[in-house]
Amino acid sequence: MSEMIRNYDVEALVKSDTAHHLHPFTDHKGLHGEGGSRIITRAEGVYLIDGHGERILDGMAGLWCVNVGYGRQELAEAAYRQMLELPYYNTFFKTAHPPSIELAEKVASKLPADFNRVFFANSGSEANDTNLRLVHHYWQSVGKPEKVNIISRENAYHGSTVAGASLGGMKPMHKQGGKLIPSIHHVMQPYWFKLGGDMDPAEFGLHAAKQVEEKILELGPETVGAFIGEPIQGAGGVIIPPETYWPEIQRICKQYDILLICDEVICGFGRTGTWFGLENFGIEPDLITMAKGLSSGYLPIAASGVSDRVADAVMENGGEFYHGYTYSGHPASCAVALANIEIIERERLVEKVADETGPYLAEAIKRFDDHPLVGETRTRGLIGAIELVKDKKTRARFEPDGKAGTVCRDEFFKRNAVMRACGDTMVLSPPLIISKQEIDALFDIAEESLDAAAAKLGVM
Ligand code: PXG
């Protein structure tokens, strides 16, 4: 490995980055004012290494995606072998290639029993776009083309293309988005800590689900085609819904004959201690969105899992599905995804999260429950959140929303650890290979960072 380490002129890179590179989700004026980007040059295990050789403990697995950790030679070799054998061919015109076929079969084997088919895309946003197209195609195929409305939740994240941003419930994105898709409607998210008021979590779970039913009745059930939700909302702040929520959503979707799209982009491939997040909540979807952990981020690939109900109808009555991407089922990405799933199986990473590291994280995070800045901690498997509050008793937040989170995140990063701030919720989602010692190391840094942030925010 060492002979591959390259030396970079970090100052020159920062300058060039500032001059030429537009970053996603970035306030460039703010970034440049702070001296520009930190340049990440390498990574191994759960550590990133920056241009100055500093090791940074990555509590976010990149962007919730590097499930098997960094530096996996066999994933690089899988891409290399496939690129030499067949770097590219499409699957549009009556052709297929081994990696796309093998991956479709493998993914289907991990999905619920009534899912036997997979459609490939390159990002979670694209896969959700595909799912939206499939919803419309399905209802047209079964003679109910008027079922065009889609219900989603506030603060949901389903991607950043026009369909992704429209399906998502991120207000700042909507404000910048011009005219988004008007048939997509958003209702309350099941976020007890922020919205629960005096209700207990079980009561609130039913209350939040009821908003979906009310929206269906307002629009007319005969016009509603689908409900979309993440089992646990990720970018919205790791919102783990009360146990009452999903069974009620399930009942509502069945009663009004509405398709359920389960967005597993973050929860999928072991994150919550099961192959998919839906297993935690008994969700029975019709379409499933996958990305991120499918290839652990080594190459871009995403997929829509299509249930027999949807697949049979569109294949039987739908004719051609006028949809697809040049890189749908890209051979190298499929080969890497297959090798990635093999690692998850061989190293029993899902079981490790369920039996060892998930329970350990759940205990370890409790050390913050008494911290003056912390209103609540919560985890499921290896995804977790720490809520920052001004007043522990009343759950009162800082204003404006996001200020405390940013202060806290910057304190983490200064101390060479990554945790992400979603508003004033600190979230974590480390690689699934993280050890108990590394969890302790992350939380030692978290404690120092929370203390420093509390002092800055005047909470002692
Ligand atoms: N669905 C979910 C649930 C996601 O979390 C997408 C769809 C879109 O995937 P792509 O591959 O198009 O990005 C996501 C992506 C963040 C952050 O800051 C989260 C995501 C992406 C970028 C940033 O937490 N999630």
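Guide: The answers below set values against definitions.

Guide: This is a predicted model, in which local features need pLDDT of at least 70 and side-chain atom pairs count only at pLDDT 80 or more, while totals for chains, interfaces and linings use all residues. Residues are numbered from 1 along each chain as its sequence is written, and side-chain values use heavy atoms, with hydrogens and water left out.

Visitor: Why is serine 449 called buried?

Guide: Buried means under 20% relative accessible area, exposed means over 50%, and partly exposed lies in between (1.4 Å probe, protein chains only). Serine 449 has a relative accessible area of 0%, and therefore counts as buried. This serine 449 is found in helix α17; helices are DSSP runs of H or I with at least four residues, strands are runs of E with at least two, and both are numbered from the N terminus.

Visitor: What is serine 449 in contact with, leaving aside its neighbours within four places in sequence?

Guide: Contact means heavy atoms within 4.5 Å. On that basis, serine 449 touches Cys408, Glu411, Phe412 and Arg415.

Visitor: Why is phenylalanine 413 called partly exposed?

Guide: Its relative accessibility is 32%, so phenylalanine 413 counts as partly exposed. Phenylalanine 413 lies in helix α16 (residues 403–414). Apart from neighbours within four places in sequence, phenylalanine 413 is in contact with Arg38, Ile56 and Val418.

Visitor: How does the span of α15 stand against what a straight helix would reach?

Guide: Helix α15 (residues 349–364) has 16 residues, and a straight helix would reach 22 Å, but the end C-alpha atoms are only 19 Å apart. A bend of about 45 degrees is found at threonine 357, and proline 359 follows within four residues. The bend at a residue is the angle between axes fitted to the seven residues ending there and the seven starting there. Threonine 357 is also among the buried residues of α15, which include Leu349 and Leu361. The elements that cover the buried residues of α15 include α14 (331–346) and α17 (436–457).

Visitor: What makes β1 and β13 edge strands?

Guide: Two strands pair if DSSP finds at least two bridges between them. Four strands form an open, mixed sheet in the order β1-β2-β3-β13. Here β1 (40–44) and β13 (417–418) each pair on one side only, and are the edge strands. Four bridges join β1 to the antiparallel strand β2 (residues 47–50), where aspartate 50 stands opposite isoleucine 40.

Visitor: Which strands are joined to β7 by bridges?

Guide: Three bridges join β7 to β5 (residues 149–153), and these strands run parallel. Four bridges join β7 to β8 (residues 259–263), also in parallel. In β7 (residues 224–229), six of its six residues are buried.

Visitor: What makes the phi of alanine 61 a point to mention?

Guide: Most residues other than glycine have a negative phi, and most peptide bonds are trans. Alanine 61 is not a glycine, yet has a positive phi of about 50 degrees. At 0% relative accessibility, alanine 61 counts as buried. Aspartate 257 likewise has a positive phi, near 55 degrees, but is partly exposed at 27%. A cis peptide bond, with omega about -10 degrees, joins glutamate 399 and proline 400.

Visitor: Which residues are closest to the ligand?

Guide: A residue is near a molecule or strand if one of its heavy atoms lies within 4 Å of it. Of the 16 residues that surround the ligand, the closest are Trp64, Gly124, Ser125, Asp263 and Arg420. An N or O atom in the side chain of serine 125 is 2.5 Å from a ligand oxygen atom.

Definitions and conventions: The expected span of a helix is 1.5 Å times one less than its number of residues. A polar contact is a pair of N or O atoms within 3.5 Å; within protein, one must be able to donate a hydrogen and the other to accept it, and residues adjacent in sequence count only if both atoms are side-chain atoms.
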